[in-house]
Amino acid sequence: MWRRSSKSIVYSRYFNNQPMMDAPLELCLIFDFDFTMIDCNSDTKLIEILSTQLAEAQRKLITKSAFIWIFLIMLMLLEGTQWTDMMAETMKMVHKEGVQKEGVIKALEKIIIPEELILALREAAKKGVEIHIVSDANTVFIEECLRANKLQDIVTSVTSNPAQWDDEGYLKVERLVKPTNPHNCTRCVRTPNMCKGQIVSEFVKANPKKKIIYSGDGGNDFCACISLRQNDMALARETYTLNKLLINDAGNNKLVSATWKAWSSFAELAAFLSAEISKI
């Protein structure tokens with residue numbers, strides 16, 4: 001179901017999963033999705049997979065074929081167009097090319113969550129730890145990837161741009177935050193559809209006694225890190241924008257009070273998580 005926060009713009013799809021065993025809930029894990037739970041951008045990866053399928057189906061022999069065609073249109077749309085709106089238009093084009101719901105789902109099933117991370121997440125779930133995803137992708141992409149990787153039973157909630165299928169097999173993607181009701185965060189002007197800081201603030205308020213660990217990679221994850229408390233933790237992907245912003249913040253503004261660590265591989269991310277989970 002969709003849940004609207006009593007204070008703001010947060011829409012989440014909750015799976016209503018119960019912890020796999022009774023345990024004190026002292027830890028709460030929050031993840032970005034693209035380049036954090038998976039090693040790609042799910043939006044562009046889907047288009048890459050689908051365009052290859054289209055090229056094969058139409059027996060096109062041009063090397064770059066459909067992918068270049070769709071990607072160029074994406075770039076044209078991107079100029080002056082918000083990313084989520086651009087993806088909504090791209091999914092329309094994909095549908096017009098004859099790709100139905102089953103084709104999109106089949107493509108999403110090819111997006112892999114690394115095994116090391118899967119094991120760490122299952123370890124957390126066994127100890128009753130809530131696992132949340134806050135992402136600028138969309139709910140359908142994320143949920144289908146979770147199902148394909150057999151994680152839908154342990155993820156507590158997904159907060160992302162809402163998406164749903166229509167009767168004709170077209171995936172309608174919308175902004176989480178509508179232009180008519182902006183989030184007004186000056187740090188998130190590049191993502192008018194979402195302020196992760198406001199979303200994570202809701203989790204912080206709802207979990208006053210839990211240590212929150214936020215894992216991310218991008219610039220819009222920095223605002224989420226600012227919302228964390230001193231006893232919380234941020235795990236930033238090394239060499240990516242979030243890590244650079246945290247390094248800069250540590251030497252200048254000091255807006256982030258939580259401790260943070262950089263991870264360079266999914267094995268390292270999983271190890272950091274497992275070390276914290278073992279303390280429960």
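## A tour from F35

Start by selecting F35: at 26% relative accessibility this residue counts as partly exposed, because the buried class ends under 20% and the exposed class begins over 50%. The model on screen is predicted. F35 sits in the loop that runs between β3 (27–31) and α1 (42–57). Check its backbone as well: phi is near 65°, a positive value in a residue other than glycine.

Next, keep F35 displayed and look for aromatic pairs. The structure holds 2 of them. In one, F35 is paired with Y240; the arrangement is tilted, with 5.8 Å from centre to centre and 45° between the planes. F35 belongs to the loop between β3 and α1, Y240 to the loop between β9 and α9, so the pair ties together parts that are 205 residues apart in sequence. Select Y240 by itself and its relative accessibility is 25%, which counts as partly exposed.

For the other pair, select W263 and F266. These two rings are also tilted, with 5.4 Å between centres and 50° between planes. Both W263 and F266 are buried.

T239 lies in the loop between β9 (233–237) and α9 (241–251). Its phi is near 75°, again a positive value in a residue other than glycine. Is T239 buried or exposed? T239 has a relative accessible area of 56% and is exposed, because the cut-off for that class is over 50%.

Now move to P162, in the loop between β5 (157–161) and β6 (163–165). P162 has a relative accessible area of 14% and is buried, since buried means under 20%. P162 and R175 are 13 residues apart in sequence, and the C-alpha to C-alpha distance is 6.8 Å.

Finish with the nonpolar cores. Which residues of the largest core touch the most other members? Select L29, M37, M91, L117, L146 and L273: of the 56 residues in the largest nonpolar core, these touch the most other members. Then select I30, F222, C225 and L246, which are among the 23 residues of another core lying apart from the largest one.

Notes: Residues are numbered from 1 along each chain as its sequence is written. This is a predicted model: local features need pLDDT of at least 70, side-chain atom pairs count only at pLDDT 80 or more; totals for chains, interfaces and linings use all residues. Side-chain values use heavy atoms; hydrogens and water are left out. Helices (H or I, at least four residues) and strands (E, at least two) are DSSP runs, numbered from the N terminus. Buried means under 20% relative accessible area, exposed over 50%, partly exposed in between (1.4 Å probe, protein chains only). A nonpolar core is a set of buried Ala, Val, Leu, Ile, Met, Phe, Trp, Tyr and Cys residues joined through side-chain atoms within 4.5 Å. Rings of Phe, Tyr and Trp (its six-membered ring) pair if their centres lie within 6.5 Å; planes under 30 degrees apart count as stacked, over 60 as edge-to-face and the rest as tilted.
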